[in-house]
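Dear colleague,

Please find the structure below.

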Amino acid sequence: MKIAYEIHGDIHDPVVIIIQGLGMPLTATPPEIVAKLVKCGYCLVLIDNRDIGQSEKMNTKIPNIFLQVIRYIFKLRVTSFYSLEDMANDINNLTIKLNISNYHVIGVSMGGMIAQLLAIKNTNKVNSLISIMSTTGDRNLPKPRWKIVKFILSGSNQKDISNASTFYIKLWRLIGSPAYPRTHEEISSFVDRILSRGVSKRGTIRQMLAIMSSYDRSSCLKKINTPSLVIHGTDDLLVPYECGIDTANSIKNSKLWSIKGMGHDFPYELFNEFVSRIDSHIKSCNKSGFKPI
């Protein structure tokens with residue numbers, strides 16, 4: 001798969017790879033956070049996961065997503081076209097292409113799952129892991145609120161989700177942070193940013209199937225020593241807070257930053273603290289030796 005990416009900052013600086021969540025192109029990463037981290041002295045590599053944004057997309061007929069969700073709920077086999085491991089391999093192959101010998105990785109939601117796999121499979125390359133609003137994949141953990149799942153599935157019925165700005169605005173109102181509500185203009189600006197980069201209904205569904213068919217990573221995470229920062233909101237309706245606690249408990253060398261009142265988004269009011277904590281976490285890691293392109 002051809003993977004689209006952007007590089008921000010000097011490639012000779014420590015590299016930080018940012019992986020976004022389900023159906024989200026690289027522009028979902030707040031540009032303010034990108035600019036602040038570059039100012040801290042990092043080189044950021046932003047990724048469009050396969051099937052989203054400007055990366056290569058598959059052309060395959062998708063199964064009935066409602067049936068697959070039911071199978072997932074009852075812990076039955078889910079049909080998928082690729083795995084989260086394949087998506088992690090996409091990024092590993094990209095680092096080889098760019099001659100990046102080691103890096104720090106930040107994963108958001110589904111991106112956190114992929115980042116965890118990179119830490120598991122490429123221990124010698126991943127200097128540190130930052131898992132944000134994500135999960136280990138343990139199926140015994142609390143599930144997303146049904147009203148959220150139902151709404152997301154309703155989007156799969158739309159003929160062209162790339163024009164569905166109303167759908168995304170409603171979605172972010174549902175999963176946003178209760179303690180940090182966004183104005184209509186702020187949400188609209190975010191939605192315009194992701195739609196202009198490119199989203200895909202079928203790609204989002206295929207990514208969802210990859211998530212539902214993935215295995216529990218908790219036992220593998222217990223074996224790694226990668227310095228890890230886990231960030232999770234207490235009011236996350238899409239990936240419940242218990243998932244963040246479980247992620248932190250599964251990684252022995254980890255710290256949990258619990259954010260009261262945060263949902264499944266990045267509160268503007270916390271941008272500076274996000275950058276400060278990420279910067280402190282990375283600087284606390286002892287590994288060095290970044291290889292330029």
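Gln-116 lies in helix H4, residues 110–121 (helices are DSSP runs of H or I with at least four residues, strands runs of E with at least two, numbered from the N terminus). This is a predicted model, in which local features need pLDDT of at least 70 and side-chain atom pairs pLDDT 80 or more, while totals for chains, interfaces and linings use all residues. Residues are numbered from 1 along each chain as its sequence is written, and side-chain values use heavy atoms, without hydrogens and water.

Gln-116 counts as buried because its relative accessibility is 0% (buried means under 20% relative accessible area, with a 1.4 Å probe and protein chains only). Its side chain makes a polar contact of 3.3 Å with the side chain of Ser-131 (a pair of N or O atoms within 3.5 Å, one able to donate a hydrogen and the other to accept it).

Two cavities of 30 Å³ or more were found in the whole structure (a cavity is a set of points on a 1 Å grid where a 1.4 Å probe fits but cannot get out; lining residues have an atom within 4 Å of a point).

Yours sincerely

Conventions:
Buried means under 20% relative accessible area, exposed over 50%, partly exposed in between (1.4 Å probe, protein chains only). On a 1 Å grid over the protein atoms alone, a cavity is a set of points where a 1.4 Å probe fits but cannot get out, and a pocket is an open set with protein on both sides within 12 Å along at least five of seven lines; lining residues have an atom within 4 Å of a point. Grid points are joined across faces, edges and corners, and a volume is the space filled by probe spheres set on the points.
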